[in-house]
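Reader: I have a model open on my screen and would like to talk it through with you. Could we take it piece by piece?

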Amino acid sequence: AYAFFWAVKWAAETALKKPALGVGDIHMMAMVGAFLGPGGALLTMMLGSMAGLLIGVPITLFRGKLKMLGTYLPLGTFLAIGGAIAHAWGEPLFIWYVGLFG
């Protein structure tokens, strides 16, 4: 997870020519990988991305209408949600997901 997020950071910054991912998010995924293992880190990335999509995108879209200040929405918040879910229900989610294909 650590190496993957460094690769994403490098690729995004190369393409966008501006900072794209905080180092704190990368270090957080290193910790998640240490505690939950590779499978838990992958599940955390998937669930965190889904949380960011379902929660973060609407917040970002309505920011202008609500006159909220700032445009920065930290990924770490959503990774923490994904990590908590992966820790609590990771194995049953994995078994359910694999069962969809077999």
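Reader: Which residues does Leu21 touch, not counting residues up to four places away in sequence?

Author: Leu21 touches Phe5, Val8, Lys9, Glu13, Ile26 and Leu75 on that count, where contact means heavy atoms within 4.5 Å. This is a predicted model, in which local features need pLDDT of at least 70 and side-chain atom pairs count only at pLDDT 80 or more, while totals for chains, interfaces and linings use all residues. Residues are numbered from 1 along each chain as its sequence is written, and side-chain values use heavy atoms, with hydrogens and water left out.

Reader: And which residues make up the largest nonpolar core?

Author: That core has eight residues, namely Phe5, Leu21, Ile26, Met29, Val32, Ala41, Met45 and Leu79. Helix 2 (residues 23–66) gives the largest share of this core, five residues. A nonpolar core here is a set of buried Ala, Val, Leu, Ile, Met, Phe, Trp, Tyr and Cys residues joined through side-chain atoms within 4.5 Å, and helices are DSSP runs of H or I with at least four residues, numbered from the N terminus.

Reader: Switching to pockets, what lines the largest one?

Author: Its lining consists of Gly39, Leu42, Leu43, Met46, Leu47, Gly90, Glu91, Leu93, Phe94, Trp96 and Tyr97, and helix 3 supplies the largest share, six residues. A pocket is an open set of points on a 1 Å grid over the protein atoms alone, where a 1.4 Å probe fits, with protein on both sides within 12 Å along at least five of seven lines, and lining residues have an atom within 4 Å of a point.

Reader: How many residues of the second largest pocket's lining are charged?

Author: That lining has no charged residues, but six nonpolar and five polar ones. Of the 11 residues that line the second largest pocket, Gly52, Thr60, Leu73, Leu75 and Phe78 lie nearest its centre, and the largest share of the lining, six residues, comes from helix 2.

Reader: What happens just after helix 1?

Author: Lys17 takes a positive phi of about 60 degrees there.

Definitions and conventions
Buried < 20%, exposed > 50% of the residue type's maximum accessible area, 1.4 Å probe, protein only. Helix = DSSP H or I, 4+ residues; strand = E, 2+ residues; numbered from the N terminus. Nonpolar A, V, L, I, M, F, W, Y, C, P; charged D, E, K, R; others polar.
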